Amino acid sequence: MLIEPTSEQNTGLAENLKKCPFCAELIQKEAILCRYCHKDLVPPDKSKKWYYSTSVVVLALLTFGPLALPLVWANPRCSLMLKLTITVVIIALSAALIYAMMGMYNMLMDQIRMLGLLPQFNPVC
Ligand SMILES: [Zn+2]
């Protein structure tokens, strides 16, 4: 009797294989990228969380600034280079915004002082 070595019947071969959830082709069990459809096969419990989606991360960074950086660093979808780039950009932007805000505060206090609204108020800066 001759058994065709198809993927379903040959259990010896299929032991190291799994079915791709996207294209249903048999691929290596350890594969993180399907070689047929090139889809990402990182386990869903790690990368499919809603707070790791790009839109949520971008929104969190725009809303909370550097406070949202742990979300980037915990994200399994980002490469180390991308994480470092995002961190540097966010920190530089935050520093620039804080600097601009201090300048605006000083300008505002100068104008209030010039108007004579705060005669005995002496700001630290
Ligand atoms: Zn596939």
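Mentor: Before we start, helices (H or I, at least four residues) and strands (E, at least two) are DSSP runs, numbered from the N terminus. Residues are numbered from 1 along each chain as its sequence is written. This is a predicted model, where local features need pLDDT of at least 70, side-chain atom pairs count only at pLDDT 80 or more, and totals for chains, interfaces and linings use all residues.

Trainee: Where in the protein chain is confidence lowest, and where is it highest?

Mentor: pLDDT is the predictor's confidence in each residue, from 0 to 100, and the protein chain averages 83, with 78% of the residues scoring at least 70. Where pLDDT is low, the predicted coordinates should not be read in detail. The lowest mean, 58, belongs to helix α1 (residues 11-14), and the highest, 94, to α5.

Trainee: What span should helix α5 have, and how far apart are its end C-alpha atoms?

Mentor: Take 1.5 Å times one less than the number of residues as the expected span of a helix. Helix α5 (residues 80-114) has 35 residues, so it should span 51 Å; its end C-alpha atoms agree with that, being apart by 51 Å.

Trainee: How many residues of α5 are buried?

Mentor: A residue is buried if 20 or more other C-beta atoms lie within 10 Å of its own, exposed if 12 or fewer, and partly exposed in between, with C-beta atoms placed from the backbone. Across the protein chain of 125 residues, 2% count as buried. Helix α3 (residues 54-64) is hardly covered, with a buried count of zero among its 11 residues. α5 is hardly covered too, and the count among its 35 residues is zero.

Trainee: Which residue just after α5 takes a positive phi?

Mentor: Let's look at both helix ends. α3 is followed by Gly-65, with a positive phi near 60 degrees. Just after α5, a positive phi of about 75 degrees is taken by Gly-116.

Trainee: Which residues is Gln-28 in contact with, leaving aside its neighbours within four places in sequence?

Mentor: Gln-28 sits in strand β2 (residues 26-28), and it is exposed because 12 other C-beta atoms lie within 10 Å. Its C-alpha atom is separated by 5.9 Å from that of Asn-16, 12 residues apart along the chain. Two residues are in contact if their C-beta atoms, placed from the backbone, lie within 7 Å. Beyond those neighbours, the contacts of Gln-28 are Asn-16 and Leu-17.
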